[in-house]
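Here is a short tour of one model, written for a reader who likes to check contacts by eye. Please have your viewer ready.

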Amino acid sequence: MDTYLPLKSNSMAPDEKITGILHTHELKKTPARVKVLHTLMGSKYAVSYTRLEEVTRDVADRITLYRILKHFEQKGLIHKTMDHEGQAKYAMCHDECSTDHHRDHHIHFNCTECHQTLCLEDTDIPKIQLPRGYKASEYAFTINGLCRLCSK
């Protein structure tokens, strides 16, 4: 069960910003896409599929939400990570991400107490030396434990 902490102080992105993001990524503006972006941009934590489903229930069914998330990932708007229970969570990508290049290779921290997943973008990932002949196409680095609030 996710525990949702308050949104960032600028919790809701201005409609103009969302409209610009959708336009830049050549995506039609729909109520469901706007709600997904509002939710992801307003959260400092990765957001579960379940939570996004709750937020968009009035404007999208499960298949539509799945397609929105898939398109957003393909366009370099969001990235997906798995929490310690195997649940998919989504977070906004960097502005530098695109269809051809994701810059979402960073550590994710899953709190086993409050179930929040946080992108640790400023924490270095150790260099991994693969055996000869191996080529990585993607990777995930996740740490499970207690976040700052839960470890007090």
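The report below looks at helix packing and then at one asparagine.

## A predicted model

Please keep in mind that this is a predicted model.

## Helix H4 and helix H3

Let us begin with helix H3, residues 49-56, which packs against helix H4, residues 62-74.

On the H3 side, the contact is made by Tyr49, Leu52, Glu53 and Thr56, while H4 contributes Arg62, Leu65, Tyr66 and Leu69. Sorted by class, this contact of H3 with H4 has five nonpolar, one polar and two charged residues.

## Helix H4 and helix H2

H4 also packs with helix H2, residues 31-41. Here the angle is about 65°, with the axes 10 Å apart, and the crossing of H2 and H4 is right-handed.

From H2, the residues Ala32, Arg33, Val36 and Leu37 meet Leu65, Ile68, Leu69 and Phe72 of H4. The contact of H2 with H4 has seven nonpolar, no polar and one charged residues.

## Asparagine 110

Is asparagine 110 buried or exposed? With a relative accessibility of 1%, asparagine 110 counts as buried, because buried means under 20%. Asparagine 110 sits in strand S4, residues 107-111.

The side chain of asparagine 110 makes a polar contact of 2.6 Å with the side chain of threonine 117. Beyond its neighbours within four places in sequence, asparagine 110 is in contact with several residues, including Met82, Asp83, His84, Gln116 and Asn144.

Notes:
Residues numbered from 1 in each chain as written. Predicted model: local features only at pLDDT ≥ 70, side-chain atom pairs only at ≥ 80, totals over all residues. Heavy atoms only, no water. Axes fitted to C-alpha atoms, helices over the stretch in contact; angles between N-to-C directions. Helix = DSSP H or I, 4+ residues; strand = E, 2+ residues; numbered from the N terminus. Contact = heavy atoms within 4.5 Å. Nonpolar A, V, L, I, M, F, W, Y, C, P; charged D, E, K, R; others polar. Buried < 20%, exposed > 50% of the residue type's maximum accessible area, 1.4 Å probe, protein only. Polar contact = N/O pair within 3.5 Å; in protein donor to acceptor, adjacent residues only side chain to side chain. Left-handed = near helix turned anticlockwise from the far one by under 90°.
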